[in-house]
Amino acid sequence: MKKLLAGLFLSVLVLALAACGAGKKEDTSSSSGDKSDSKENVTLTVGASNVPHAVILEKAKPILAKEGIDLKIETYQDYVLPNQHLESGELDANYFQHLPFLELSMKENGYDFVNAGAIHIEPIGIYSKKYKSLEDLPEGATILLSNSVSDHGRMLSLLEAKGLIKLKDGVDKTAAELKDIEENPKNFKFDANTAPEMLVQMYENNEGDAVLINSNYAIDNGLNPMEDSISLEDKESPYVNIIAVRAGDETKPEIKKLVEVLKSKEIQDFIVEKWKGSVVPVK
């Protein structure tokens with residue numbers, strides 16, 4: 001009887017120890033799983049124009065990967081969808097627009113966005129198939145502008161800076177419109193009915209006497225603003241291209257790291273070397 005009881009006790013003890021061991025093994029596995037989860041990369045989806053924005057982001061992608069950020073780049077060829085998709089949450093950030101455009105978009109659409117960081121400037125250029133300099137533009141020449149109202153102040157300021165027109169005193173030049181032209185010595189005709197992305201085609205088709213084209217569209221279509229334009233916006237332009245995010249997201253670690261990497265010396269040197277003044281990084 002004693003032997004029987006001892007055998008039963010030993011069996012129970014073995015089972016108890018096995019259960020305890022299994023529990024410990026399971027706990028270890030659970031702990032290991034938590035540790036693995038904490039190391040998972042963060043995915044950051046950024047909308048961008050093809051050139052130069054997406055190209056710059058591609059250069060930053062491996063740098064961000066080392067920081068635990070998987071950068072997903074969505075490219076766009078228009079100026080409307082990137083903000084719509086940022087608002088809807090399809091994007092975590094976008095990188096295609098300058099600050100005046102962002103401010104106008106927020107005013108018109110009620111977006112609650114913020115500028116998370118200024119990255120570069122794309123000097124706008126004046127192009128012509130017919131004339132080799134601004135001085136050659138004849139009396140009554142037709143000048144094509146973007147139909148994007150947010151571009152008008154910038155384009156008119158460029159024309160004024162080059163001595164072609166004069167805007168009314170006291171006008172906010174970032175918001176200037178065609179009606180704000182006070183002096184037009186050569187009686188230029190201004191056509192502002194073309195979508196920004198179509199201006200290169202208008203230039204290639206020899207439409208108008210001069211065409212003002214944003215550098216991202218020029219570069220994307222094989223033009224070199226430094227060589228092909230007859231005049232270029234000064235690099236000190238206030239129209240800096242930014243990273244835009246939903247209000248509050250600018251403090252997220254992955255957004256701060258994105259801006260930090262884009263403003264790093266490695267990326268700035270890349271921009272200078274690749275575009276040689278057609279795209280200018282900001283400090």
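**Exercise 1. Determine whether Lys72 and Glu74 are buried, partly exposed or exposed, and state how their side chains are related.**

Solution. Lys72 has a relative accessible area of 43% and is therefore partly exposed (buried means under 20% relative accessible area, exposed over 50%, partly exposed in between, with a 1.4 Å probe and protein chains only). Glu74, with a relative accessible area of 30%, is partly exposed. The two residues form a salt bridge, their closest N and O atoms being 3.7 Å apart (a salt bridge is a side-chain nitrogen of Lys or Arg within 4 Å of a carboxyl oxygen of Asp or Glu).

The structure is a predicted model, in which local features need pLDDT of at least 70 and side-chain atom pairs count only at pLDDT 80 or more, while totals for chains, interfaces and linings use all residues. Residues are numbered from 1 along each chain as its sequence is written, and side-chain values use heavy atoms, with hydrogens and water left out.

**Exercise 2. Identify the parts of the chain that the salt bridge between Lys129 and Glu204 links.**

Solution. Step one: the closest N and O atoms of Lys129 and Glu204 are 3.3 Å apart. Step two: Lys129 lies in the loop between strand E5 (125–127) and strand E6 (142–146), whereas Glu204 belongs to helix H6 (residues 199–204) (helices, H or I of at least four residues, and strands, E of at least two, are DSSP runs numbered from the N terminus). Step three: the pair is 75 residues apart and links distant parts of the chain.

**Exercise 3. Explain how the buried residues of helix H3 are arranged, and find what they pack against.**

Solution. Helix H3 covers residues 81–88, and Pro82, Asn83, His85 and Leu86 are buried in it. Seen down the axis of H3, these residues fall within an arc of 165 degrees, so they line one face of the helix (the arc is that of the directions from the helix axis to the C-beta atoms). They pack against strands E2 (69–76), E3 (93–95), E4 (113–121) and E12 (240–246), and against helix H4 (99–109) (contact means heavy atoms within 4.5 Å).

**Exercise 4. Describe the largest nonpolar core.**

Solution. This core has 34 residues, and Ile126, Leu156 and Ile213 have the most contacts inside it (a nonpolar core is a set of buried Ala, Val, Leu, Ile, Met, Phe, Trp, Tyr and Cys residues joined through side-chain atoms within 4.5 Å). Among the elements that each supply at least two residues are E5, E6 and helix H5 (149–161). A second, separate core of 28 residues includes Ile73 and Val245.
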